[in-house]
Amino acid sequence: RVWNFSAGPAALPESVLQRAAAEMLDWQGKGLSVMEMSHRSPEYMGIFEKTRADFRALLNVPDSHEVLFMQGGAVGMNAIIPLNLLQGFEQAAFVNTGAWSKKTSKEFSKYGTARVVLDNGNAAADAAAGAYVPDCAHLADRVNGQSMAYLHFCDNETIGGVEFNGQIENLANALDCPLVADVSSNILSRQLDVSRYGVLYGGAQKNVGPAGVTIVVVRKDLLERAQPICPSAFEFKTVADNGSMYNTPPTYSIYIAGLVFEWLLAQGGVAWAEQQSQLKADVLYNLIDHSSFYHCPVRKADRSRMNVPFTLADESLNAMFLSKAAERGLVQLKGHKSVGGMRASIYNAMPLEGVQALAAFMREFEQEVA
Ligand code: PLP
């Protein structure tokens, strides 16, 4: 197998894939695949309950919050969240730090007034500083007293490689509205204080499992705020009251997510993932910072531990870099089309060994062409 640095759908732990393959035709002697099981059968209900319980344990989700397994992806949530939280409100506040958070505030404008209270969008003025997390010191002053339905931010900008490090979570108790965070690309890589959030959500296809399931963690008192036009299948209260089985859930994606959760618990849980993530990110950022050939466009303190964007000093070498990397089994390194350059996504399932293989290749390539 290759080392897959895709931003998502991303690499899964090899042992999880092996187990899924072994169970594909005959799950635990029942004579059928999980894919073929009724979602209401005792066998599947057992898989489902364990998956949800393991997720709650991994993220230390308190009783005040429901965990929902939904569909629609994180982009779907850009509409589903206003449909669920905007009743009685006309506006919400947004922190824009990159492509994904901007997409969220744009979609919100279909439902209400999106107030961008903080952004890092002054690219021309800030080019020298690189991409960064904006100063959050006065955030509460800009949000409070304005009847905001909630404050939204994206904890890790997968495309730009900009990640928060608790700056907004630490302010949550000073806000007069719930905090909503897109954690699609860094969920389960760092312990969060879930009690500080109104809603946490993410598509599964990075740290959790295959695409198709969207995880939503919602504070129970927010289940009463849905607009009457919210589709029943996407209404948090309906989904919660029906144990995420109001309609057929993405059963197989949930099963694989369950295997990933078991794997993560066996490794040492989120504390292990947090330590590994830092270790892996440091290998790449140290290399980049000690080289005059590679450059990372993100301010040091705000660099993502999950998605490492970098450029080569000579862009005409990009195609050669990618093809030589692929010859070494290092794939999916091309940066997002909107930013160019390279991006190495190093989610929980990427072992340190894979990151070291990439670093060794990058050093050799630099020596070869310099
Ligand atoms: N938000 C973030 C931070 C992402 O990285 C992605 C990437 O897939 C999305 C949202 C979109 O998620 P989905 O494709 O599941 O709708």
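**Reading a helix pair and a sheet**

Tutor: The axes of helix α2 (residues 42-59) and helix α8 (residues 251-267) cross at roughly 45° and come within 9 Å. This is a predicted model: local features need pLDDT of at least 70, side-chain atom pairs count only at pLDDT 80 or more, and totals for chains, interfaces and linings use all residues. Residues are numbered from 1 along each chain as its sequence is written.

Student: How is a pair of packed helices described?

Tutor: By the angle between their axes and the distance between the axes. Axes are lines fitted to C-alpha atoms, for helices over the stretch in contact, and angles run from 0 to 180 degrees between N-to-C directions. Helices (H or I, at least four residues) and strands (E, at least two) are DSSP runs, numbered from the N terminus.

Student: Why is α2 called oblique to α8?

Tutor: Angles under 35 degrees count as roughly parallel, over 145 as roughly antiparallel, 65 to 115 as roughly perpendicular and the rest as oblique. The crossing is at roughly 45°, which means that α2 is oblique to α8.

Student: Which strands form the open sheet, and in what order?

Tutor: Two strands pair if DSSP finds at least two bridges between them. Here seven strands form an open sheet with mixed pairing, in the order β2-β10-β9-β8-β5-β3-β4. β2 (65-70) and β4 (113-119) are the edge strands, each pairing on one side only. From one strand to the next, the twist averages 20°.

Student: How many bridges join β2 to β10?

Tutor: Six, and β2 runs antiparallel to β10 (residues 214-219). M70 has T214 in β10 as its bridge partner.
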